[in-house]
Amino acid sequence: MKTNKIIYLATLFLIVASICSCKTIPENVTAVKPFYKEKYLGKWYEIARLDFKFEKDLNNTTAEYSLKDDGEIKVVNKGYNVKKHKWTQAIGKAKFVGSEDIAMLKVSFFGPFYAGYNIIAIDENYKYALVAGKSTKYLWILSRETTIPDAIKKDYLRIAEKTGYTTKDLIWVKQDKQN
């Protein structure tokens with residue numbers, strides 16, 4: 001009886017560990033190192049993305065990052081739903097997967113469920129960023145302004161294609177409204 005209980009608990013532990021240790025970055029993709037979280041905080045405009053259900057029909061999307069007292073990063077995503085003609089907002093949190101000097105994080109908007117958030121390219125002034133999700137289905141180009149220079153755009157597209165992303169599927173986000 002005691003042996004069965006130990007086997008059951010060990011199996012349960014392995015299942016929970018495997019669920020919690022889901023990969024957060026695609027193969028062949030590397031997060032930025034060194035990374036300086038303080039420089040990354042603040043408001044970012046979404047320039048382009050691979051579309052997915054939580055951002056469907058959104059334009060004028062932004063993400064704002066701020067440091068919470070407990071060391072987590074508060075995430076506030078906003079966007080204008082062009083079909084419903086109204087602003088939407090989602091508030092979440094981000095945590096580093098490992099060391100804080102590696103731009104590999106996980107973000108949650110729904111309780112205990114996290115998704116990968118990996119900065120895979122960033123300029124030295126932290127004005128432009130290329131962000132990968134946990135797979136090649138998730139990609140964002142971000143800017144501190146509502147536009148991005150062509151040279152940065154071309155460079156980020158080249159990086160994304162080289163690591164397996166289908167950049168022709170990117171949605172180029174309109175930034176024509178203020179909230």
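These legends walk you through a few close-up views of a predicted model.

Local features need pLDDT of at least 70 and side-chain atom pairs count only at pLDDT 80 or more, while totals for chains, interfaces and linings use all residues. Residues are numbered from 1 along each chain as its sequence is written, and side-chain values use heavy atoms, with hydrogens and water left out.

**View A. Helix α3 and its buried face.** Welcome to α3, residues 150-162, a helix taken as a DSSP run (H or I, at least four residues; strands are E, at least two; both numbered from the N terminus). Its buried residues (under 20% relative accessible area; exposed is over 50%, partly exposed in between; 1.4 Å probe, protein chains only) are Tyr156, Leu157 and Ala160. Seen down the axis of α3, they fall within an arc of 100° (from the directions from the helix axis to the C-beta atoms), so they line one face of the helix.

**View B. The other face of α3, and what comes next.** Turned away from the buried side of α3 are the exposed residues Ala151, Lys154 and Lys162. After α3 comes Gly164, with a positive phi near 110°.

**View C. A salt bridge between Glu145 and Lys127.** Here the side chains meet at 3.3 Å, N to O; a salt bridge puts a side-chain nitrogen of Lys or Arg within 4 Å of a carboxyl oxygen of Asp or Glu. This pair links distant parts of the chain: Glu145 sits in the loop between β8 and α3, and Lys127 in the loop between β6 and β7, 18 residues apart.

**View D. A salt-bridge network.** Glu46, Arg49, Asp51 and Glu55 are linked here. Arg49 is buried, at 1% relative accessible area, whereas Asp51 is partly exposed, at 31%.

Technical notes:
Expected span 1.5 Å × (residues − 1).
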